[in-house]
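This briefing goes through the fold, a pair of packed helices and a set of individual residues. The structure comes first, then the conventions, then the points by topic.

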Amino acid sequence: TSTEDREADLASDTFPNSPQTPNPAPSLAFAMAAFSMASMSASLSSVEVRLPRSRASTVRPAKFAVAPRNNAACMQSFTGMKTDAVLSLGVSASETPVSVQNGALVFAMRHRYKKPRLGRPADQRKALLRGLCTELLRNGRITTTTARAKAMRPYVEHMVTLAKGGSLHQRRQALAYIYDKQLVHALFEEVPNRYGERAGGYTRIFQTLNRQGDNAPMSIIELV
């Protein structure tokens with residue numbers, strides 16, 4: 001065919017050596033008019049998409065719940081070893097940190113803490129040592145467990161050291177610790193003559209037979 005025939009075929013939307021086809025523009029306009037989002041969503045609702053399960057695409061649940069960034073009531077600290085510490089999971093300082101409530105009590109190890117507890121809380125332990133110290137200064141010798149004797153020994157010697165000083169402040173310190181006030185006045189009168197030349201070591205401890213029943217090690221502590 002000639003060039004004029006080709007241009008005529010393109011103008012009439014026909015192809016050479018093919019049957020006559022109508023213009024597709026009217027059918028496309030009709031299809032676009034019949035299209036709507038409701039029909040599309042209705043047709044896609046029954047379609048189930050299944051993705052291949054792989055380790056990289058597995059979504060694990062988060063261990064900590066991240067608080068919203070704009071929540072003013074969010075906690076800024078967590079309950080743990082330090083109450084002022086802040087736990088954050090890869091967030092910047094400007095973002096709200098993660099708040100954790102574990103509701104647990106933290107107990108630390110007693111490393112390098114050699115003070116004997118004697119199986120009692122602090123208030124009961126102090127009262128026990130004060131009573132033992134008072135009875136030793138009154139009687140001069142008592143029998144008790146080895147642990148209690150070793151625990152009370154520094155306090156007894158401290159009371160003797162205060163009595164050797166003899167000042168008003170030291171007397172008030174002894175009155176605040178020893179239960180018997182008359183014993184304190186007698187102690188301050190006798191100690192300077194008895195231990196004036198002795199620089200420490202006012203008590204001695206020697207072991208005796210174990211206690212019957214629980215077989216606890218017993219000792220006798222006395223003033224030198």
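Helices (H or I, at least four residues) and strands (E, at least two) are DSSP runs, numbered from the N terminus. Just after helix 5, Gly166 takes a positive phi of about 80°. This is a predicted model, in which local features need pLDDT of at least 70 and side-chain atom pairs count only at pLDDT 80 or more, while totals for chains, interfaces and linings use all residues. Residues are numbered from 1 along each chain as its sequence is written, and side-chain values use heavy atoms, with hydrogens and water left out.

**Overall layout**

- The chain contains seven helices and three strands, and from the N terminus on the order of elements is α-α-α-α-β-α-α-α-β-β.
- Of the 224 residues in the chain, 22% are buried (buried means under 20% relative accessible area, exposed over 50%, partly exposed in between, with a 1.4 Å probe and protein chains only).
- Among contacts in the chain with a separation of 6 or more, 50% join residues 24 or more positions apart (contact means heavy atoms within 4.5 Å).

**Helix 5**

- Helix 5 (residues 146-165) has 20 residues and reaches 29 Å from its first C-alpha to its last, close to the 28 Å expected at 1.5 Å a residue (the expected span is 1.5 Å times one less than the number of residues).
- At Met152, helix 5 bends by about 35°, and the proline Pro154 follows within four residues (the bend at a residue is the angle between axes fitted to the seven residues ending there and the seven starting there).
- The buried residues of helix 5 are Thr146, Ala149, Ala151, Met152, Val156, Glu157, Met159, Val160, Leu162 and Ala163.
- An α-helix has 3.6 residues a turn, so residues three or four places apart point the same way.
- The cover over the buried residues of helix 5 includes helix 4 (122-139), strand 1 (141-145), helix 6 (168-177), helix 7, strand 2 (203-207) and strand 3 (218-223).

**Helix 7**

- Helix 7 has 14 residues, which should span 20 Å at 1.5 Å a residue, and its end C-alpha atoms are 20 Å apart, in agreement.
- A kink of about 25° lies at Phe188, shortly before the proline Pro192.
- Leu183, Val184, Leu187, Phe188 and Val191 are the buried residues of helix 7, and what covers them includes helix 4, helix 5 and helix 6.

**Packing of helix 5 on helix 7**

- Two packed helices are described by the angle between their axes and the distance between the axes.
- The axes of helix 5 and helix 7 (residues 181-194) come within 8 Å and cross at roughly 80° (axes are lines fitted to C-alpha atoms, for helices over the stretch in contact, and angles run from 0 to 180 degrees between N-to-C directions).
- The two helices are therefore roughly perpendicular to each other (under 35 degrees counts as roughly parallel, over 145 as roughly antiparallel, 65 to 115 as roughly perpendicular and the rest as oblique).
- Helix 5 contributes Met159, Val160, Leu162, Ala163 and Lys164 to the contact, and helix 7 contributes Leu187, Phe188, Val191 and Pro192.
- By class, this contact has eight nonpolar, no polar and one charged residues (Ala, Val, Leu, Ile, Met, Phe, Trp, Tyr, Cys and Pro count as nonpolar, Asp, Glu, Lys and Arg as charged, and the others, Gly among them, as polar).

- Arg130 lies in helix 4 and counts as partly exposed at 23% relative accessibility.
- Not counting residues up to four places away in sequence, Arg130 touches Ala176, Tyr177 and Tyr179.
- The C-alpha atoms of Arg130 and Ile178 are separated by 6.3 Å, although the two residues are 48 apart along the chain.
- Lys126, also placed in helix 4, is exposed, with a relative accessible area of 52%.
- Between the C-alpha atoms of Lys126 and Met152, 26 residues apart along the chain, the separation is 9.8 Å.
- Thr144 lies in strand 1 and is buried, with a relative accessible area of 5%.
- Thr144 touches Ala149, Met218, Ser219 and Ile221, leaving out residues up to four places away in sequence.

- Most residues other than glycine have a negative phi.
- Arg112, in the loop between helix 3 (37-44) and helix 4, has a positive phi near 60° and counts as exposed at 84% relative accessibility.
- Leu118, in the loop between helix 3 and helix 4, has a positive phi near 60° and counts as buried at 18% relative accessibility.
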